[in-house]
Amino acid sequence: QGVGIVIGRLMLVATVVATGASSVAFNTNSDTTTDTTTDTSGASCPVEATLVERYFKEKLSGSSLKAPEIVLVKGPNMLLQEKESDAHKTDNDEYYLMDDPKFGKSKMKKAFCMSGNLDFCPPLALSSTFLFDAANANANANTTSNDSTIATTMTISRSPENGGNVEFTSRAQLEEAFKNGSLHPGDLKATVGTIMVGVLEKLSAGIKGDAETTKASKTLKAYEKKANKKGKK
């Protein structure tokens, strides 16, 4: 497991160098960040961020490559499966920024979702982040900037013989139903898959609507394609 973690981190540093990224964002959410250290200023940050910073400072200081800006953000946990290390992960184990919207459902179908398990349940976490939390943030925002497209109620579609449709207006309600078994994992995943399609559609539209972001996404895809070809040799 330790070797896999090291390899995953080295691959991340290599990706940053190869793509010539001007900035790199790292998630500081305690639910997604397991190992932290201190950067050159003494502030706490993910180990990966420190590795990138130190590599440019200690190994590439005399080169023409410019060190990227390290951006620390608090974001949602997008993991769909728990793996022992990054070396064992596949593309279906997580949602990514540039995922095709159609992956919203296909990836969710493969997500870990054990009946009654609230400790690690990606469908619950993602529905809370992109539905209930988003709705609360929208409600607390200035009324002139409210997004009317954000739903406040989660409707689980079920056949009459399985109890019929049911609605939830909070994470607490959703978790209680899932915990006591009245909400089946399959029904939950089907609904959250549709939610994630909408999330990915908004991300895709945002990327395509910004010239710099579109350029960066094309550079990243080109690097990914090149790296995959090398890996097959």
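Predicted model: local features only at pLDDT ≥ 70, side-chain atom pairs only at ≥ 80, totals over all residues.
The relative accessible area of Ser 217 is 9%, so the residue is classed as buried.

Helix 5 comprises residues 171–179, and its buried residues are Leu 174, Ala 177 and Phe 178. Viewed along the axis of helix 5, these buried residues fall within an arc of 100° and therefore line one face of the helix. The face turned away from the buried side of helix 5 carries Ala 172 and Lys 179, which are exposed. Just after helix 5, Gly 181 adopts a positive phi of about 90°.

The cysteines were examined for disulfide bonding. A search of the whole structure returned 0 disulfides. For Cys 113, the closest cysteine sulfur is that of Cys 121, at 3.9 Å. A disulfide requires the two sulfur atoms to be within 2.5 Å, so the sulfur of Cys 113 is too far from that of Cys 121 for a bond. Taken from the other residue, the closest cysteine sulfur to that of Cys 121 is in Cys 113, again at 3.9 Å and too far for a bond. Cys 113 is buried, with a relative accessible area of 13%, and Cys 121 is likewise counted as buried, at 5% relative accessibility.

Conventions:
Residues numbered from 1 in each chain as written. Heavy atoms only, no water. Buried < 20%, exposed > 50% of the residue type's maximum accessible area, 1.4 Å probe, protein only. Helix = DSSP H or I, 4+ residues; strand = E, 2+ residues; numbered from the N terminus. Arc of directions from axis to C-beta.
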